[in-house]
Amino acid sequence: MRKSLETLNDYILSLLLGIIEGLTEFLPVSSTAHLRIAEGIMGIDLGNGFWKMYSIVIQLGAILCLPIHFRKRIMDFLRTFPNGASGDRTVMDHPLFW
């Protein structure tokens with residue numbers, strides 16, 4: 001039997017799911033799976049279009065933080081491609097082609 005949390009306010013539900021996503025993002029298990037587990041435990045239906053889009057957008061923040069965090073390394077890599085930072089690489093032995 002589904003619990004009565006189906007009537008939970010969307011803002012509170014969004015806050016709870018955001019906390020779950022944030023806390024489990026750094027675990028070596030899919031944070032999407034944690035959202036699905038929360039869906040089952042709380043007895044809510046996250047299958048409609050709104051909550052599917054919510055899951056995509058909430059995970060987009062975690063995906064976009066990587067290029068922002070590593071922007072200096074990415075720019076250094078692109079700036080020195082294909083010769084490498086010390087100039088000892090060629091196109092054939094560059095790490096991009098391994």
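The entries below take the helix packing, then the charged pairs.

I worked from a predicted model, in which local features need pLDDT of at least 70 and side-chain atom pairs count only at pLDDT 80 or more, while totals for chains, interfaces and linings use all residues. Residues are numbered from 1 along each chain as its sequence is written, and side-chain values use heavy atoms, without hydrogens and water.

**Helix packing.** I looked up H2 (residues 31–42) and H3 (residues 49–69), which pack at about 140 degrees with their axes 11 Å apart. I noted the contact (heavy atoms within 4.5 Å): Ser31, Thr32, Leu35 and Arg36 of H2 meet Ser55, Ile58 and Gln59 of H3.

**Salt bridges.** I found three salt bridges in the structure (a side-chain nitrogen of Lys or Arg within 4 Å of a carboxyl oxygen of Asp or Glu). In one, Arg36 pairs with Glu39, with the closest N and O atoms 3.4 Å apart. For accessibility I used three classes (buried under 20% relative accessible area, exposed over 50%, partly exposed in between; 1.4 Å probe, protein chains only). Arg36 is partly exposed at 35%, whereas Glu39 is buried at 15%.

**Network.** Asp76 forms salt bridges with Lys72, at 3.1 Å between the closest N and O atoms, and with Arg79, at 2.7 Å. These bridges join Lys72, Asp76 and Arg79 into one network. Lys72 is exposed at 61%, Arg79 is exposed at 60%, and Asp76 is partly exposed at 27%.

Notes. Axes fitted to C-alpha atoms, helices over the stretch in contact; angles between N-to-C directions. Helix = DSSP H or I, 4+ residues; strand = E, 2+ residues; numbered from the N terminus.
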